[in-house]
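Q: Please take a close look at the pockets of this protein.

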Amino acid sequence: MNPALPEHTLPEELLLLALDPRRGKPYCRNRFLEYGVAGAVLAELELHGRIAEHRGRIRVISPQAPQDPLLAQVLGSLPAPGGGGLAGGVGAKAWIRRTGRYVEELCLEHLVGRAVLRRETHRLLGLLPYHRHPAADPALPAAVRERFAAAEAAGFPDRRSRTLAALVSATGLSGAVAQGGWRSRSAMHDLVRDEWTAYAVRRNVRQDKADRSGSGAGGGGGGDD
């Protein structure tokens, strides 16, 4: 592995694991990936000591802006310490559901701006535009996958790797990412309850699946229940 490859935040790593490097298409449902990226941003902010969770609510504990501009922008959008109504803070599940699309787009733009991803515009039925994000350099997503595989083989030995594995599972990506078969997928599934960000992502994924089932719409789309 090239040691000069840049470090990535958790949402960036999740996107590089989730997107087909050649086609730029996610290996899971788009909406589930939006939830996952929003959860990953919260997880990164927690690792930076900027936020904490209590009974499902996000609280800012240090408003100092991180160096990463995306993290700083998201932190600035959260209620200030002591804000957020009587209970304080904002509900993690609701925040992820409400902001997932916006947060994912910010992260994609950030990666395109850094020439990690390319943005391709396609048209559905020749009319409706949509975007795909293939890798600008296949070595970058390959390096992220190698690091994830090494952490998987070691049993996810640190907090950061456990958090990423839990987010991968909650988003519905473990089938496309895990190298260790069902045992590894099961271990990743079990990590979700230990990581509040991943658990909030899973709750949103399950809600979408229940809504689709209740409306008679068939089909899965990933998501490790």
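Q: By class, how many nonpolar, polar and charged residues does the lining of the largest pocket have?

A: The lining of the largest pocket has six charged, five nonpolar and four polar residues; Ala, Val, Leu, Ile, Met, Phe, Trp, Tyr, Cys and Pro count as nonpolar, Asp, Glu, Lys and Arg as charged, and the others, Gly among them, as polar. The model is predicted, so local features need pLDDT of at least 70 and side-chain atom pairs pLDDT 80 or more, while totals for chains, interfaces and linings use all residues. Residues are numbered from 1 along each chain as its sequence is written, and side-chain values use heavy atoms, with hydrogens and water left out.

A pocket here is an open set of points on a 1 Å grid over the protein atoms alone, where a 1.4 Å probe fits, with protein on both sides within 12 Å along at least five of seven lines; lining residues have an atom within 4 Å of a point. The largest pocket holds about 340 Å³ of space, a volume being the space filled by probe spheres set on the points, which are joined across faces, edges and corners. Of its 15 lining residues, Asn30, Glu104, His131, Arg132 and His133 lie nearest the centre. Helix 2 (30–47), helix 4 (92–113) and strand 5 (128–132) each give two or more residues to this lining, and helix 4 has the largest share, with four. Helices (H or I, at least four residues) and strands (E, at least two) are DSSP runs, numbered from the N terminus.

The second largest pocket has a volume of about 190 Å³. Its lining includes Glu7, His8, Arg147, Phe148 and Asp158. Helix 5 (139–153) and helix 6 (159–171) each supply two or more lining residues there, and helix 5 gives the most, four. By class, this second lining has five charged, four nonpolar and two polar residues.
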